[in-house]
Amino acid sequence: MALTDDHPAEQQPRTGRLAALPGMAPLPRWPGWRHLPRDARDTLFLLGVIGWTILPHLAHLAWWCSLLAVLVLMWRARLALDNAPLPGRWTLIGVLAMAATFTLLTERTLLGKEAGVTMLVLLMVLKTLELRARRDALVVFFLGFFLVLTNFLYSQSIAVAAAMLVSVWGLLTALVLAHMPVGQPSLRQAGWLSARAAMLGAPVMVVLFVLFPRIGPLWGLPQDAGARTGLSGTMRMGGVAEIANDDSIAFRIRFHGPPPAPQALYFRGPVLSRFDGTEWKRMESSFPPDWQLHADLRVQGEPVAYEMTLEPSRLTTLPLLEATPPQADAAPGVPPGWRAMPRNELEWTVDRPITERLRFEARAWLRFQHGPSERAWGLRDHVNLPPGYNPRMLQWAAQLRKDPRFARANGDTLAGMLLNEIRTGNFVYTLSPGEYGRDAVDEFWFDRRIGFCEHYAASFVVAMRALGIPARVVTGYQGMDPAPVDGYWIVRQSHAHAWAEYWQPGRGWVRTDPTAAVAPERVVQSRSLEPSRGLVADAISNMSPETLARLRRMWEGMNNRWNQWVLGYSRTQQFSLMERMGVRSPSWADLGLVLIWLGSAAALAGALWALWDRHRQDPWQRLQSRVLQRLRRLDVPAEPHHPPRTLASQVRQALGEAGTVLSLQLDALDRLRYAPGAVQRPQPAWWRGFAREAARLQAQRPAKPGPRMRSR
């Protein structure tokens, strides 16, 4: 921006005005980007960059903050176009106090991530109303750079990184313009200069990213750090369907061998055994620890080794492939600083919510049995039902037990009967079954018969318990995308699933999936119900479903490489790089030594470049030196601070009529250098003509007498 350190920008002539609606102030006429005054153009460019930087935050900010930010930016743009005076300090203080009050009322605090980002956005846009001097612009620039960083508190995707790269380029361009206060430099010129400076610094950034030691964070994000919520430790009717409407990636998995069949891919999440009539929760057993149920996992066959990249979820659950035992060669190898713990329900958790991407390896056995083989006291917790709920299901179960076929039937027989009822009872599998009332199981089983996987799993478990068979609900993910991307199979939130387990003597807990009885393609082919697409995606899919699938795989492949090589770059990969460079058993000291050597080499290269640059000179300065040298030979008083026009005047005074041609040539040089449309480099033809005329004048001058010799 064309601002000085201590003086406000000079007022520019007012532009024409457009007619406005009655009762509104007239709008300034848009003169065209090229015809804007310098200060207005630079201000509008900076406001555009600020708006672009704030844009990703609009999805997270309170509505009043977004509205206020947009209004302030539009107000400042209007002031720039109209060349109107900026508001006074008390006006800004009043708006800031109002913003702080709204922030406190909305976030209940002025600290933390959400409140901090809100205040930063508001301070940023309000500061634009104080752009009176260059120092004010510098404050806005550095607030902008800090605001760029805050976008990564919510998302670190390729799209956000690319958008913030544009923001950094725009802020650097505005910074360059602020340091070019003279003339009318074009945005293209300033943009190229800022891009060149950024490219010169890019190698340093890459070296530091690759080699700077990865140490534990010295600070942490508040608990409201951005992460997509997946399966939780509770389940209500319709809860899993809401998650399944989300088509985002839950995790990526790569098998060290052939992938298992889709119907074998059950990724175990929270196990829900306590039912209060409306919600399923984890079991808190009332029995002493010795009487409680334990995993008691018994595996058979060969294990399946796999690597998982788990997306942030704010949960503590690790959705591992069933069944992953707690033994050294199979347990998930979570990164340092994390602790993975097995639970009695065969579920794995970590010691804190997952707010960052985790990458680890584990092994699972697809053939297994778990749980007590004989009756145990802890099984009593898994037949409890809340009194007063679903009376028709209880009555139906009691009638079944009076039937001689089912009077003494075991869990396998009763489970087969229930699955056959689902298979032949005109049940419908859908993502949008609508809301159910207080006795949701009764309404689903006997009346509506329409629902998603949690309706089938919950009703199956309630029916088994009503029949006296211990049963529980298991949530997690089932299946994966049909084709891998860069060797990784993708499991989405739309693969969220709920199934059931019942207890059978001699076998323990037996997995059964009631959803497979009504929608076998969901389990056998991993074919999830698709949520409604957006307008663009729906149009592309209608024209060419293969094109949509190809674009999706391409984008997810790019995301996977970004996650693996940028976001997932860890100390292990640093040490692997050092080993490939020939360093045996690399350590932090080796990384530091490499950085020192590279820093020293860069400093030496910079010193050599500076030494070489000392001997370089601007072509106009070189021409000036040669011109001054020729004029001094003609006894023309010429100084380095004299422009060509002054030198022409000096030639006329010193040489008279004889110097007319030479003075005209100096006037032509002044126009070449400073007139509109001036050239960037001197023209060789001009110098040849000037040197020829100066040599002619010097040849016509009488020779100066030499010094007299003193006689002896």
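The largest cavity in this predicted model holds about 40 Å³ of space. The structure has one cavity of 30 Å³ or more. Its lining is made up of R268, L318, L320, L321, E322, A323, T324, L346, E347 and W348. By class, six residues of this lining are nonpolar, three are charged and one is polar. Rolling a probe the size of a water molecule over the atoms shows where empty space is left.

| Residue | Element | Relative accessible area |
|---|---|---|
| V473 | strand β18 (residues 471–478) | 0% |
| D667 | helix α21 (residues 660–674) | 17% |

V473 lies in strand β18 and is buried, at 0% relative accessibility. Neighbours within four places in sequence left aside, the contacts of V473 are M235, P270, V271, L272, W280, A457, A458, V461 and W499. F275 stands 198 residues from V473 in sequence, and the C-alpha to C-alpha distance between the two is 9.8 Å.

D667 belongs to helix α21. Is D667 buried or exposed? D667 counts as buried because its relative accessible area of 17% falls under the 20% cut-off. Once residues up to four places away in sequence are excluded, D667 touches R645, A648 and R652.

Terms used. Residues numbered from 1 in each chain as written. Predicted model: local features only at pLDDT ≥ 70, side-chain atom pairs only at ≥ 80, totals over all residues. Heavy atoms only, no water. Helix = DSSP H or I, 4+ residues; strand = E, 2+ residues; numbered from the N terminus. Buried < 20%, exposed > 50% of the residue type's maximum accessible area, 1.4 Å probe, protein only. Contact = heavy atoms within 4.5 Å. 1 Å grid on protein atoms, 1.4 Å probe; cavity = no way out; pocket = protein on both sides within 12 Å on 5 of 7 lines; lining within 4 Å. Points joined across faces, edges and corners; volume = space filled by probe spheres on them. Nonpolar A, V, L, I, M, F, W, Y, C, P; charged D, E, K, R; others polar.
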